[in-house]
Amino acid sequence: MLAVIGVTALAFLMMPIVIVVPMSFSSAQALTFPPPGLSWRWYDSLFGDPDWMEAVWTSLGIAAISASSALVLGGLAAYGLDRGLQRWRSLAEANFMAPLIVPGVITAVALYFVFAWTGLLGTYLGLVIAHTILAVPLIIIMIGASLRSLDVRIEQVAWSLGASWSQAIGRVVLPTLTPSIVAAWIFAFVTSFDEIIVTSFVAGAQTTVPKKMYEDLILEITPTITAVATLLIGTTVVALGLVHLLLKRGQLPSVQTGPAAGSTHSTQ
């Protein structure tokens, strides 16, 4: 019975994808399901439209920059929360998780007023900052979980052998956490690329793919939307597959304890 319920729920969630993907290859002039024939016309329309291409490149650029910025800020925050003083840790974690807990509309309104006051409203930099704020909590969650599974004694051994803090981070911590770091970056990239609520408030004349999809759905629904949606679905599936492989590869073995742990091989 549990399997039946699970499969039914999964089928219900997959139904929009099963409908949208075939419609993106439809030869019809309007949205029709099932499609009367197969054609690449809507993909040709997508890649031949300069407005769509501008939105794609804007989304890719903002997502890449904001994901990288969030990785640096969130990674340092995760390391400080895990290795630093524990007195104010709960308060600091609650502050960092606020963008995930607070409704998106409230965050969007707050950023709107702040950006209007600072002159960042409707600018490329403003969008990057907004998306970075939204991505930092995801970075902290993923890298923080990996840091908790990394035995601090590995760093202590590096320090005892004369390594500085930067050397220990660069030669011990980062290589060990590389799969989790890349997976966190992918999550942040996808989050930024798909963001619509905050973007609608602070983007101004800047156009991203989700924003253009929303605007086109309001003005006129064309099958080109299904081609965009199919590409986004495919990109998300590939990204999540990479995250799964990276996290599976990045699982850390437990540190050996006991008499054998003192051997040269175990220490290395």
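**A helical chain, its nonpolar patch and its cavity**

Arginine 148 lies in helix α6, which covers residues 124-149; helices (H or I, at least four residues) and strands (E, at least two) are DSSP runs numbered from the N terminus. The model is predicted, so local features need pLDDT of at least 70 and side-chain atom pairs count only at pLDDT 80 or more, while totals for chains, interfaces and linings use all residues. Residues are numbered from 1 along each chain as its sequence is written, and side-chain values use heavy atoms, with hydrogens and water left out.

Arginine 148 is exposed, with a relative accessible area of 51%. Here exposed means over 50% relative accessible area, buried under 20%, and partly exposed in between (1.4 Å probe, protein chains only). The C-alpha atom of arginine 148 is separated by 53 Å from that of serine 27, and the two residues are 121 apart along the chain.

The protein chain as a whole has 12 helices and 0 strands. Its C-alpha trace spans about 75 × 55 × 35 Å along the principal axes. Of its 268 residues, 35% count as buried.

Helices α5 (104-118) and α9 (197-202) each supply at least two residues of the patch, and α5 gives the most, with 4 residues. Tyrosine 112 has its place in α5 and is partly exposed, with a relative accessible area of 33%.

Inside, the structure holds 1 cavity of 30 Å³ or more. A cavity is a set of points on a 1 Å grid over the protein atoms alone where a 1.4 Å probe fits but cannot get out, and its lining residues have an atom within 4 Å of a point. The largest cavity contains about 50 Å³ of space, the volume being that filled by probe spheres set on the points, which are joined across faces, edges and corners. Phe189, Val190, Phe193, Asp194, Leu232, Thr235 and Thr236 line this cavity. Helices α8 (165-194) and α11 (224-249) each supply at least two of the lining residues, and α8 gives the most, with 4.

Methods. 1 Å grid on protein atoms, 1.4 Å probe; cavity = no way out; pocket = protein on both sides within 12 Å on 5 of 7 lines; lining within 4 Å.
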